[in-house]
Amino acid sequence: MPDFNFTDKEFLSIMDLILKQDIPLGEDYIPVASMDERIDMGRLDSLSMVMFFVWLTDLFGIPESKLQDFIGKGNLTIQAIKDFVTTEYTRTSSIAEAKEYSKRLFQ
């Protein structure tokens, strides 16, 4: 299996792809700017939180049981999410493949 080797900048861009899909109609999207930003109810509603993690685990092949353990810890910074994915992924792709996957998922 290839190594998970997204840079912080690439991982932030993937997070933006996901998060941008769930902004309420008529609101401007504010991109994530830092690995220290949190993905929580201040940015997403409860349904959007579920969809965010479904997409993330599907993209990287992470079992739901691992996801539940991670979410239960409550540290939902972008850095913590990247660390989680780096530890638990069962598949990875290039940044271009991840972007294409997101386009198909959200069309």
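Because the model is predicted, local features are given where pLDDT is at least 70 and side-chain atom pairs where it is 80 or more, while totals for chains, interfaces and linings use all residues. Residues are numbered from 1 along each chain as its sequence is written, and side-chain values use heavy atoms, with hydrogens and water left out.

**Stop 1: helix 1**

Select residues 8–20, which are helix 1. Helices here are DSSP runs of H or I with at least four residues, strands are runs of E with at least two, and both are numbered from the N terminus. Helix 1 has 13 residues and reaches 18 Å from its first C-alpha to its last, close to the 18 Å expected at 1.5 Å a residue. The expected span is 1.5 Å times one less than the number of residues.

Now colour the buried residues of helix 1: F11, L12, I14, M15, D16, I18 and L19. Buried means under 20% relative accessible area, exposed means over 50%, and partly exposed is in between (1.4 Å probe, protein chains only). An α-helix has 3.6 residues a turn, so residues three or four places apart point the same way.

**Stop 2: helix 4 and its neighbours**

Select residues 78–88 for helix 4, where the buried residues are I78, A80, I81, K82, F84 and V85. What do the buried residues of helix 4 pack against? They pack against helix 1, helix 2 and helix 3 (64–73), where contact means heavy atoms within 4.5 Å.

**Stop 3: salt bridges**

A search of the whole structure finds 3 salt bridges. The rule is a side-chain nitrogen of Lys or Arg within 4 Å of a carboxyl oxygen of Asp or Glu.

Show D8 and K82, which form a salt bridge with their closest N and O atoms 2.6 Å apart. D8 lies in helix 1 and K82 in helix 4, so the pair ties together parts that are 74 residues apart in sequence. D8 counts as partly exposed at 35% relative accessibility, whereas K82 is buried, with a relative accessible area of 11%.

Go on to D58 and R91, whose side chains meet in a salt bridge at 3.6 Å, N to O. This pair links distant parts of the chain, with D58 in helix 2 and R91 in the loop between helix 4 and helix 5, 33 residues apart. D58 is partly exposed at 37% relative accessibility, and R91 is partly exposed at 39%.

Then select E88 and K66, where the salt bridge is 3.6 Å, N to O. E88 is in helix 4 and K66 in helix 3, 22 residues apart. E88 counts as partly exposed at 22% relative accessibility, and K66 is partly exposed at 35%.

**Stop 4: aromatic rings**

Rings of Phe, Tyr and Trp (its six-membered ring) pair if their centres lie within 6.5 Å; planes under 30 degrees apart count as stacked, over 60 as edge-to-face and the rest as tilted. By this rule the count comes to 8 aromatic pairs. Select F4 and F6, a tilted pair at 5.1 Å centre to centre, with 35 degrees between the planes. Both F4 and F6 are buried.

F4 sits in the segment before helix 1, and Y89 in the loop between helix 4 and helix 5 (95–105), 85 residues apart. F4 counts as buried at 10% relative accessibility, and Y89 counts as buried at 13%. To see the cluster linked by ring pairs, select F4, F6, F11, F60 and Y89.

**Stop 5: the surface of helix 2**

Select L47, V50, M51 and V54, a nonpolar surface patch with about 380 Å² of accessible area together. Accessible areas come from the Shrake-Rupley method with a 1.4 Å probe; for residues, only the protein chains shown count as cover. Patches take residues with over 30% relative accessible area and no salt bridge, joining like charges within 9 Å and nonpolar side chains (Val, Leu, Ile, Met, Phe, Trp, Tyr) within 5 Å. V54 lies in helix 2 (residues 46–60) and is partly exposed, with a relative accessible area of 44%.

**Stop 6: N75**

Finish at N75, in the loop between helix 3 and helix 4. N75 is partly exposed, with a relative accessible area of 40%. Which residues is N75 in contact with, leaving aside its neighbours within four places in sequence? They are R38, F70 and A80. From N75 to V50 is 16 Å in space, C-alpha to C-alpha, and 25 residues in sequence.
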